[in-house]
Amino acid sequence: MAKKVKLHGIFAVNKPRGKTSVEILEVINKVFRAHAAATRIEMTKRKVVKLGHGGTLDPMASGVLVVGVNDGCKEINKYTFCDKVYEAVGMFGISTNTNDSEGKIIQRTPTEHISREKLEALLPKFVGTINQVPPLFSAIHMDGRRLYDYARSGEELPREIEPRPVIIQSIKLLAFTREHKYSEPTGTSSNYNEEFEDETEITSEIDGNNSNNMELTVKKGFRRQYVRPKKRAVPEIQEKKQEDGVKTIYPIFKINVKCGSGTYIRSLIRDIGEGMDSVAHMVELVRLEQGEFKLGEDVLEFEDCLEFDKIYDAINNHNRKLRQLEYSRRY
């Protein structure tokens, strides 16, 4: 008779740039399936492993992605609606149809008037409860259809996208420079087939005797093909004073943002560009924190998710912390 292993809980993975959130779940699911086939261990009573994540990260983004396993999926919603911390890089002077570097350029504006001092004076205006217009390339519904469906088909929207209240606890300017290695966007709207899911849930039948019998299903969500851009280095921003003879290019800025659920960082960067009498788009995004999970502290690197034991330990460690927290609250 096969052994049974209790595998219920939450852990977090550092999602690399270029992978979709569902692809991460699929990789983890394969690890579970392979482990069950090799050890003939039943990980749940029903021989089914259920996976879910607590909020989609854009394919071009990286950082903390919270994953629920089996009964842990019941707790996923709290991570969808919890506060999050991001680091983002925006580029002034260019706007795209997706509000990021993987979209098609739709406008260019002068940037000579933009300075660090003006930017620092502007950012406090975005702190607090603000009204934010979601990006056109998003999964929000309008008359029964997703916004990005209208965008991809070239159809006009039935009406303007309504602003939504979001809460931004803090914004810190980390860097502003005109000297960097970021390139202008080269994508087109047809290549920006981003993945969107609503409470995506993956279940897999676990049969330790025959791995070919393990069936993968995706529920409450869907996938779109994601065409990866060419890989490019992600340079650190280093602030330098412009010297004579140095070519001026579109300036970039790096910000740290702590915000509530529903906040679109792409939209925030777009609005910062407009606030500087220019335009802007996002070129990098990293989720540093999601709930109690912090990048570099208690988050598995993606490579570690290829090993069942490391996932198992991460789940147990988090369960232990939750028990300790509950004990401290009671006593």
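This is a predicted model: local features need pLDDT of at least 70, side-chain atom pairs count only at pLDDT 80 or more; totals for chains, interfaces and linings use all residues.
**Nonpolar cores**

The largest nonpolar core contains 29 residues, and the members that touch the most others are F92, L119, F253, I255, I265 and I272. At least two residues of this core come from each of strand 4 (84-92), helix 3 (116-122), strand 10 (164-177), strand 13 (252-259), helix 5 (265-275) and strand 14. The greatest contribution is that of strand 10, which gives five residues. A further core of 20 residues lies apart from the largest one, and I28, V49, L65 and V67 are among its members.

I265 illustrates how the parts of the chain come together. Beyond its neighbours within four places in sequence, I265 is in contact with Y86, A88, V257, C259, M282 and L285.

**Helix 5**

Helix 5 is largely enclosed by the rest of the structure, because nine of its eleven residues are buried. The buried set consists of I265, R266, S267, L268, I269, R270, D271, I272 and G273. These residues pack against strand 4, helix 3, strand 7 (128-132), strand 10, strand 13 and strand 14. Just after the helix, D277 adopts a positive phi of about 55°.

**Salt bridges**

Side chains of opposite charge can pair when their charged atoms come close. The model has eleven salt bridges.

| Pair | Closest N to O distance |
|---|---|
| R116 and E120 | 3.1 Å |

R108 is partly exposed at 44% relative accessibility, and E184 is partly exposed with a relative accessible area of 35%.

The salt bridge between R116 and E120 lies in helix 3, where the two residues are four apart and therefore separated by about one helical turn. R116 is partly exposed, with a relative accessible area of 22%, and E120 is partly exposed at 39%. Elsewhere, R17, E102 and E284 are linked in a network of salt bridges.

**R287, a buried arginine without a salt bridge**

R287 lies in strand 14 (residues 280-290). R287 is buried but has no salt bridge, and the nearest side chain of opposite charge, that of D58, is 8.0 Å away. A salt bridge requires a nitrogen-to-oxygen distance within 4 Å, so D58 does not qualify as a partner at 8.0 Å.

The R287 side chain has polar partners of other kinds. One of its polar atoms lies 2.9 Å from the backbone oxygen of V64, and the side chain of R287 also makes a polar contact with that of Y86 at 3.3 Å. Not counting residues up to four places away in sequence, R287 touches G55, T56, L57, S62, G63, V64, L65, K84, V85, Y86 and L295.

**G93, a buried loop glycine**

G93 is located in the loop between strand 4 and strand 5 (94-96). G93 is buried, with a relative accessible area of 0%. With residues up to four places away in sequence left out, G93 touches Q107, R108, T109, T111, Y250, S278 and V279. The C-alpha atoms of G93 and M276 are 10.0 Å apart in space, although the two residues are 183 apart in sequence.

**Cysteines**

The structure holds zero disulfides. For C259, the nearest cysteine sulfur is that of C82, at 9.7 Å. A disulfide requires sulfur atoms within 2.5 Å, so C259 is in none. C259 is buried, with a relative accessible area of 1%, and C73 is buried at 18%. C259 is also one of the residues in contact with I265.

Definitions and conventions: Residues are numbered from 1 along each chain as its sequence is written. Side-chain values use heavy atoms; hydrogens and water are left out. Buried means under 20% relative accessible area, exposed over 50%, partly exposed in between (1.4 Å probe, protein chains only). Lys and Arg count as positive and Asp and Glu as negative; His and the chain ends are not counted. A polar contact is a pair of N or O atoms within 3.5 Å; within protein, one must be able to donate a hydrogen and the other to accept it, and residues adjacent in sequence count only if both atoms are side-chain atoms. Contact means heavy atoms within 4.5 Å. A nonpolar core is a set of buried Ala, Val, Leu, Ile, Met, Phe, Trp, Tyr and Cys residues joined through side-chain atoms within 4.5 Å.
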